[in-house]
Each structure stands twice: as C-alpha cells, then as structure tokens.
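Take the sequence and the 3D structure side by side. The paragraphs below walk through them one part at a time.

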Amino acid sequence: MNYITSTTNQKIIHAKKLGRDKKYRSEKGEFLVEGIRWVNETIKWARDKIESIFILEESVVDVEFTDNCKCEISDKIYFLSQSLLKKIATTETPQPAVAIVKMKQKEFEFKNRILFLDEISDPGNVGTIIRTGVASGFSNIILKNCVDIYNPKVVRSTMGTLLHANILEIDNANILTELKSNGYSIVAADIKGENVFESKNLFQKAALVIGSEAHGLSSEVKNIATHLIKIPMDKKVESLNASVSAGIMMYQLGDKVNGGT
C-alpha cells in the first residue's frame, strides 16, 4: 500500500479530471466510484477493472478485502488525507473511499427483456432506472441521447448496480426497427396508451421504451412503437417521475415477458 500527500500527484490530477470531464472519461475509458459500499461492490464483482483505490487510512477496516484480494490489488491502494480526498470527490462531503474503475466493453446481448431510454437527461432518474432495471430483470438497457452513464450523479444513483447492467449508448432509434423486425414488441409509455394493468398482450419478447421527463417520447421512437401503454392516474396528477413510471412498468411487464432476461 502507498501514501499520496501532494495535490500535484498525477494520480490525484487524473482522478479529479475523471469526475468532472465526460470527454476525458471517454478518452481514458475509466470512471470514478465513490463510497465504501460502491468500492466494496466493485471489489466483489469487478476486481479486475479496478485501477486505483484511494482511501482514508482509518476507513480501511470498512473495505471488504479478502486476503487473496488484498494481495492482488495491494499495489493499487493509496492512502490519502481528508483534504486530498476532497480534491477528488464530486460531492460536497467527500466519501472515505474512491476508486478508479475501467469502463465495461460496449457489448449488447439481445435477450427477451430490453429497456430503451429515450433522451432522458436527469442523471438521478437514469441511475435509479438502471438500478430498478437490474432488480426487475431489465438489465439489458439501451440509452438514446441520454445523460452520460458515467456521470458521477448517475453512478451514485445506481448504487453499485451499474456493474451488473448491460448498456448500449446510441444516438438514433434504428435499433428499435431492428428489434421490431426480429420479433420484439416495442412497448412505449405514452399518455394515450392502454392501461398497463389491463393489457391483454402476452409479450414473448419486448423492448420497454421510456421517454424524457420534459417531452415524453420522441416522434422517431413513437412511430416505431407497436404498443402504447400508460399508468392510470388521478386527474389531479399530470405525470409521474420517469424513474417511478419505469419501475412500475418494468415490474408489470416483467410478469408478461417469458424466457428470462
């Protein structure tokens, strides 16, 4: 294990840029995870992707190292002061552990349950939807012109489940046409759709589409949809938060999608 004491250390400068610069993250293929829980999840599920771990010395007891694991990554562990961790942190109150992690390779599996997010810009919503997607069996996720999934706010909102999601980021809806031609139902959330709880369709393969918070579905996506569904609401409520709507629909449609994720 090593100690870093200088703000001009290249690892500190690198980590700080990863937390603040999307282009830099993309160029380096790395991102930050912050917090003991997140670091522990990364050690457990993606140890081979860890580049560095920065930690307060007094917090090392909270990091879940096995003996073998500690040997494997001991040269990647760096002790920092609170003031240096604050230089790296993307939150006002820095977490006692921060890790630099390699991004997953861009590979996508066309399983029976697919979630398609259409121009969702709120990082908290995207992170929460990814977390719920993994929990409900919709871990295969396509994002069209959404916020960067490695944005620190998205990463925090996923609560570690980003490691388990299979994500593809794209800039057009062509893939929905491809899915449609391969027998997928394109099931899109829309205020003019049928009640999701009364839907009689049994979708063998489905892509659930959730539109943006402000504008709903783009016309490009809406024209491709094979089914429109909605969540019934009291007339006093205009709409639900995108992550809430996505969660309700994923669990409802998950019961109707056969063959697993």
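The model is predicted. Begin with an open sheet of five strands, in which the order is E1-E4-E3-E5-E2 and the pairing is mixed. Strand E1 (2-3) and strand E2 (30-34) are at the edges; each has a single partner strand, so one side of each lacks a neighbour in the sheet. Helix H1 (residues 10-20) packs on this sheet and touches E2, E3, strand E4 (77-80) and E5. The direction of H1 makes about 90° with that of E2.

E1 and E4 are paired in the parallel sense, over two bridges, and asparagine 2 stands opposite tyrosine 78 in E4. E3 and E4 also run parallel, joined by four bridges. Here leucine 56 has leucine 80 in E4 as its bridge partner. Strand E3 (residues 50-56) pairs with strand E5 (residues 97-102) in the antiparallel sense, over five bridges. Serine 52 is found opposite isoleucine 100 in E5.

Which way do the residues of E4 point? Ile77 and Phe79 point one way, while Tyr78 and Leu80 point the other way, and all are buried.

The next sheet is also open, with six strands in the order E8-E7-E6-E10-E9-E11 and parallel pairing. Its edge strands are strand E8 (166-170) and strand E11 (227-230), each of which pairs on one side only. On average, neighbouring strands of this sheet are turned by 30° against each other, direction ignored. One of its pairs is strand E6 (residues 113-118) with strand E7 (residues 140-144), which pair in the parallel sense over four bridges. Leucine 117 stands opposite leucine 143 in E7. H10 packs on this sheet, where it touches E6, strand E9 (185-195), E10 and E11. The direction of H10 makes about 165° with that of E10.

H10 also has a helix beside it. Two packed helices are described by the angle between their axes and the distance between the axes. For H6 and helix H10 (residues 242-254), the axes come within 9 Å and cross at roughly 10°. Angles under 35 degrees count as roughly parallel, and H6 and H10 are therefore roughly parallel to each other. The crossing of H6 past H10 is right-handed.

Which residues meet in this contact? From H6 they are Asn125, Thr128, Ile129, Thr132, Gly133, Ala135 and Ser136, and from H10 they are Ala242, Ser243, Ala246, Gly247, Met250 and Tyr251. Of the residues in the contact, six are nonpolar, seven polar and none charged.

Now look at a single residue of this contact. Threonine 132 is in helix H6 (residues 123-136). Is threonine 132 buried or exposed? Its relative accessibility is 17%, and buried means under 20%, so threonine 132 counts as buried. Leaving aside residues up to four places away in sequence, threonine 132 touches Gly247, Met250 and Tyr251.

Glutamate 213 lies in the loop between strand E10 (206-210) and helix H9 (219-222). With a relative accessible area of 34%, glutamate 213 is partly exposed. Again leaving aside residues up to four places away in sequence, glutamate 213 touches Ile120, Ser121, Asp122, Asn125 and Ala242. Glutamate 213 and glycine 247 are 34 residues apart along the chain, and their C-alpha atoms are separated by 14 Å.

Terms used. Residues numbered from 1 in each chain as written. Predicted model: local features only at pLDDT ≥ 70, side-chain atom pairs only at ≥ 80, totals over all residues. Heavy atoms only, no water. Buried < 20%, exposed > 50% of the residue type's maximum accessible area, 1.4 Å probe, protein only. Contact = heavy atoms within 4.5 Å. Axes fitted to C-alpha atoms, helices over the stretch in contact; angles between N-to-C directions. Parallel < 35°, antiparallel > 145°, perpendicular 65-115°, else oblique. Left-handed = near helix turned anticlockwise from the far one by under 90°. Nonpolar A, V, L, I, M, F, W, Y, C, P; charged D, E, K, R; others polar. Pairing = 2+ DSSP bridges.
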